[in-house]
There are 4 protein chains.
Amino acid sequence: MRVRAWNFETRAPHDVRGLQGLLASGAVRAEDVRCVLGKTEGNGGRNDFTRDLAMGAYEALLAPRLGCAPEAVQDRVVFSFSGGTEGVVTPHAVVIAQEGDSLATPRAEKRLAVAVGYTREFAPSEIGRMPQVLETARVVRELVASLRVDGPGDVHLVQMKGAIPSYTHAEGEAAAAAGAPLRSDMVYSRGASALGVALALGEVSAEALSDAVICRDWSLYSGVASCSAKPGLRRTEVLVFANSRYATGDLVIAHGVLQDIVDAEGVRAVARDAGLDVARLGHDATERARIVGAFAKSEADPRGTVRGRRHTMLTDDDIGDTRYSRCVLASVIASVLGDTRVYVSTRAEHHGPLGGGPLALIVRAEDSQ
Amino acid sequence: MRVRAWNFETRAPHDVRGLQGLLASGAVRAEDVRCVLGKTEGNGGRNDFTRDLAMGAYEALLAPRLGCAPEAVQDRVVFSFSGGTEGVVTPHAVVIAQEGDSLATPRAEKRLAVAVGYTREFAPSEIGRMPQVLETARVVRELVASLRVDGPGDVHLVQMKGAIPSYTHAEGEAAAAAGAPLRSDMVYSRGASALGVALALGEVSAEALSDAVICRDWSLYSGVASCSAKPGLRRTEVLVFANSRYATGDLVIAHGVLQDIVDAEGVRAVARDAGLDVARLGHDATERARIVGAFAKSEADPRGTVRGRRHTMLTDDDIGDTRYSRCVLASVIASVLGDTRVYVSTRAEHHGPLGGGPLALIVRAEDSQ
Amino acid sequence: MRVRAWNFETRAPHDVRGLQGLLASGAVRAEDVRCVLGKTEGNGGRNDFTRDLAMGAYEALLAPRLGCAPEAVQDRVVFSFSGGTEGVVTPHAVVIAQEGDSLATPRAEKRLAVAVGYTREFAPSEIGRMPQVLETARVVRELVASLRVDGPGDVHLVQMKGAIPSYTHAEGEAAAAAGAPLRSDMVYSRGASALGVALALGEVSAEALSDAVICRDWSLYSGVASCSAKPGLRRTEVLVFANSRYATGDLVIAHGVLQDIVDAEGVRAVARDAGLDVARLGHDATERARIVGAFAKSEADPRGTVRGRRHTMLTDDDIGDTRYSRCVLASVIASVLGDTRVYVSTRAEHHGPLGGGPLALIVRAEDSQ
Amino acid sequence: MRVRAWNFETRAPHDVRGLQGLLASGAVRAEDVRCVLGKTEGNGGRNDFTRDLAMGAYEALLAPRLGCAPEAVQDRVVFSFSGGTEGVVTPHAVVIAQEGDSLATPRAEKRLAVAVGYTREFAPSEIGRMPQVLETARVVRELVASLRVDGPGDVHLVQMKGAIPSYTHAEGEAAAAAGAPLRSDMVYSRGASALGVALALGEVSAEALSDAVICRDWSLYSGVASCSAKPGLRRTEVLVFANSRYATGDLVIAHGVLQDIVDAEGVRAVARDAGLDVARLGHDATERARIVGAFAKSEADPRGTVRGRRHTMLTDDDIGDTRYSRCVLASVIASVLGDTRVYVSTRAEHHGPLGGGPLALIVRAEDSQ
């Protein structure tokens, strides 16, 4: 199994020239494209149509090459477009391709391996409760096993699009009357997804989990989960990124948990773990060029403070806190990495500690240069 | 001469409890208050009334203690309130008091000294042209001399409120017809003010300056100027901050020029120059407590890129570039200092290189702890 | 009793020159100023400090003339500043003064009369529940009686600032555990205040009211209530505007209920009821000059449609629905009245039907010209 | 020649189900679709990608049916998508189809006729100057003639997408040095396009026009032009809507000039001219159903006042004036028509008087019901 990845700066959400060039030159085959993670210049909110625009462009590009209808491309390639390139963030798309199966025998060094899977379809009543946690954990465990890693410590990012099955007003009323109000919303779907990852990887014990702690006990969290949630989606899409001795290629991944959104030390620690020479990143374009992708989750600390001091992100009625928190964290990460192609998405329930969140870095291994 | 300074977190723009406490306890006398520099939670734009609210509250506080009318307080105390606490920035006010005259004999170590002055009143035709530059330089030189510094290298911040005299439509038309269109606006007033500082301190030579280069040749700049401009103001207010052997107290100031708005290395260099232990700032509250004030200028790079990659700050019609650039730079500075009380104001014509800007830090000297 | 009113266009939130002039010339005595209702150019949200700025300026103006401390002015004059002058709305302040007592004998024609009162202080548990409704109704009835109107049909506007007593986290948890979660928030305080008015004026019957219907059964509403709610306020301020035979002066008031935020016909009906010649308003400045104040409540219809067609106000993450709904309704009212000094505040729980709201007009009586 | 039109409410910018249904049922043939004018829920600014999303969806729909590549559809169908559905505006698309040629002999009654044309390609130096005006006028005259109208009074809307040819920095510098700075921008392209229409239709005399008056003398304007301008476009697209005796179908068009953005009387006059019963529109769905499309241009009056009173649209740094002015005018139009499917686009240089603008209505003729 060989994983390759490219980070393309884009001129607009529907700029797919990067992948188009790879396909045209034969450098990549459409059927090997596993996922595309991109930041588009929308507001990241309900009226952000840049994600649809990007997705449509990739579907139009890939459909004829995959021999399927545009709307069927999503079943073959995982798309994770996140709106909001606040501040210095450069709109970009990370394309990941994967060829071949796991190696028969392990190699000495580990390389990035990727696995894609799906949960079963969920009933609305399961979202934000233990059934979602357990099923998510089951899929994560299965995918991790397929990558033949040495242990859970080799898993560095679990990117998910969480299910939010629709329900009727009557179903909602009935559930509330029965004492179990539906939680089929973004907050709970993200929270339960993250806890599913935490359970699968041993970050949280099974005993600690119950319906009651979901989106309530913030001391429970995953340091590798990254979940967005999509209304109408009935099953959760799961992408596991890990380092494996059974993979080749020149990529490795590392991660860490940032304690808050100005945790530059935390960013530096992840960069070091990924094998980057942090002191050189600021001014050495060669070292910087080793970075393929940076993926993080941000949150305007709900307690209203950062490092013990008041912030105004939650009481600003002109600009939303999601835009601010992405801007802040992306600025901090870019200032350490020297690269503005940073993928920060927001809302981080059970993703790292309250006010903080996970950061994962994919880089080219030094010995591969 | 002894300079003291306090950095008060504020609950609202008109929260003056910090200074009120100092005055009530007798720790500070109203007549010693030299200036207040603060960040208020407005948008920093034309319809930002938080600055008026803050100013009014300080005037109401100080007027009875100074024995003057509220509107006369501004003639005795320099106020520099900057709207916009985007992202993690904590609304705060830095109060600076100064007692006594210059020492008779120099001390071994240098300490923060402050001088306040004013240019003569300008005609609209002088703004953004050499007369403004030269007069500003004259005042800066005079103030610097009064501080008895060893040399221009001891000057680390020149905070100004630049004149923008009003003019009638007819005056504007007449000037344009005469081939010298008026430049009495914010952009030119800030640019000429900064070049005045650069000239006074030898950062730019007199030969290099002419009307033609103002707001045109961005290679000319000051690394210590920080100017806002205020419509209707007829003379420029000038505040010089320097280290002097003729001052006592426990404060020192340092500065540096950031090359762009994610220049964390530049921030770290200034912190080191100020005598801070940068490695400890992130987690050591004692070291962090030595920081009294951080003052910087930000700009969304007008070339549309940061570190060679596209940014979208200038083409976003939902959120202004001034809000983004302040958010980005303040995040980076806060991530290095571990302190979110960062004063970043925006628009930086001839303040540092294009896309970059100056940063000054006031800290408690280590030996004074 | 004589009520007089002035509508002053303002240059900024703290522009009090209008009232200042009246006081200086002796046209009005400070002790006769009963209330000031104004629109200020803020965002109307949590970080809108223009209301504080306006209030502070009026307090500074009136305190010396009333011989009290600035913070005590609020006990003598009711201030109702509403932020948000979206679109064509002209920032303005309506000053209302009242002299003398009720006439001994009724006159043939009715004139505007005003009464001010306060509820008792509420416990947090009472807000949004029947105790708040009943106490509000009691005060409204009392004030209405004091004005000696012919009947409830003579009451055209009840402007309130609703109580929202603070409570501790523990109190909140205890109430929830006891099965009666606290409702001490803006939504419920406004809703219960409006129902209190509806009850007092016979718009809703006592039998129809219960804790369960508050903020739930939107078919129950008042057509004359206008309530904002203020966190921390322990009692509700109540201003009743009515036409009475026991009042003199040249002002009358009328009102109506708009069915939605583009109900121009409804606006025209209110204008006609107020005695205005609607056909002349658009182009006849004299007729238009009879208008002293227009007061309305707006709401982006929560069902997502207006006149059966989709609107996007509730799913726009760039601009809030409160800003849009004020802009829309104020535009429609201004287009009928020909006057852009329109006071529209937002959030209209139990104020008129869902998606609609009340409109009141104060005008100079025709025979008084 | 028969013109038909449909107004489809859309669920999202790329919702093309309306036209899709017509095509699928055979009600319309793809080759008869002449233009689509739509409002999409973006911000209408530089980072509004909803227009691209809409256009792409229509191209994907029509390309296979027209037997051409998606990018070639624009040469056959004129698209005019305008972003910004502020306030009550319902996102919608008006599809216009045209079949057959002009009738051989005139009928007694006039019906809507449409003609499409293009100017020659412009050099950057021609934009905003007389060559653009004259060439635009030439095309308009030609198209008007082709429609065989009784006179210019039968032309009610000239919808244009104005050319803005790109140029290099060097070309710009050269032109400025030669004393004729390039005007190849949106403001000038819209202004010259409108004056071209005014010239063609006799609204402005040839003698009154010169390079000097363009975007300077606002007393010169067209009451039927509606121009947006698109960077990179080298020729202007022109759509003429008129009533002709040589057309059949059940549609007619009318127009008028609004004096300002709250000119409800002006809107009512246009509705009456179009044959609508204005008094019934507010409550009579049948009368209202006769409206097919409302097209207007808005502008926040640059003098800072509306009806002599201050507005704050131009000094609000949170929300742009284009968003406000569209919201205001659309609200006023919707309040008269009772229909929220209103197409208001902004920026109206030489489109109606300063602060005002044209309004055109397409309705089903009464006798056609």
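Modeller: Two residues are in contact when they have heavy atoms within 4.5 Å of each other, and please keep in mind throughout that this is a predicted model.

Colleague: With that in hand, which residues is His283(C) in contact with, leaving aside its neighbours within four places in sequence?

Modeller: Once those neighbours are set aside, His283(C) is in contact with Arg288(C) and with Glu265(D). The residue sits in the loop of chain C between helix 7 (278-281) and helix 8 (285-288). The C-alpha atom of His283(C) is separated by 7.7 Å from that of Gly338(C), although the two residues are 55 apart along the chain.

Colleague: Is His283(C) buried or exposed, and why?

Modeller: A residue counts as exposed over 50% relative accessible area and as buried under 20%. His283(C) counts as exposed because its relative accessibility is 56%.

Colleague: Which strands does strand 6 of chain B pair with?

Modeller: Strand 6 (residues 155-164) of chain B is mostly covered, with 10 of its 10 residues buried. Six bridges join strand 6 to strand 8 (residues 237-244) of chain B in the antiparallel sense, and seven bridges join strand 6 to strand 7 (residues 225-231) of chain B in the parallel sense. You can follow this at Gln159(B), which stands opposite Leu239(B) in strand 8 and has Ser226(B) as its bridge partner in strand 7.

Colleague: What should I make of the phi of Arg148(A) and Arg307(D)?

Modeller: Most residues other than glycine have a negative phi. Arg148(A) is not a glycine, yet its phi is positive, at about 55°. It belongs to the loop between helix 3 (130-146) and strand 6 (155-164) of chain A, and it counts as partly exposed because its relative accessibility is 36%. Arg307(D) also has a positive phi, of about 50°, without being a glycine. Its place is the loop between strand 11 (305-306) and strand 12 (309-310) of chain D, and its relative accessible area of 23% makes it partly exposed.

Colleague: How many residues of chain A are in contact with chain B, and how much area do the two chains bury between them?

Modeller: The size of an interface is often given as the accessible area lost when the parts come together. Here, 44 residues of chain A are in contact with 44 residues of chain B, and the two chains bury about 3,300 Å² between them, with 50% of it on carbon and sulfur atoms. In chain A, the residues that lose the most area to chain B are Arg307(A), Arg309(A) and Arg310(A), together 21% of what that side buries.

Colleague: What are the corresponding values for chain D and chain B?

Modeller: In that case 12 residues of chain D are in contact with 12 residues of chain B, and the buried area is about 990 Å², of which carbon and sulfur atoms give 22%. Arg46(D), Asp317(D) and Asp318(D) supply 50% of the area that chain D buries against chain B, more than any other three residues.

Colleague: Finally, which residues lie nearest the centre of the second largest pocket?

Modeller: Rolling a probe the size of a water molecule over the atoms shows where empty space is left. The second largest pocket has a volume of about 390 Å³. Of the 26 residues that line it, Glu41(B), Gly42(B), Asn47(C), Asp48(C) and Phe49(C) lie nearest its centre. The lining divides into 12 charged, 11 polar and three nonpolar residues.

How values were computed: Residues numbered from 1 in each chain as written. Chains lettered and ligands numbered in written order. Predicted model: local features only at pLDDT ≥ 70, side-chain atom pairs only at ≥ 80, totals over all residues. Heavy atoms only, no water. Buried < 20%, exposed > 50% of the residue type's maximum accessible area, 1.4 Å probe, protein only. Helix = DSSP H or I, 4+ residues; strand = E, 2+ residues; numbered from the N terminus. Pairing = 2+ DSSP bridges. 1 Å grid on protein atoms, 1.4 Å probe; cavity = no way out; pocket = protein on both sides within 12 Å on 5 of 7 lines; lining within 4 Å. Points joined across faces, edges and corners; volume = space filled by probe spheres on them. Nonpolar A, V, L, I, M, F, W, Y, C, P; charged D, E, K, R; others polar. Buried area = accessible area lost by both parts, 1.4 Å probe.
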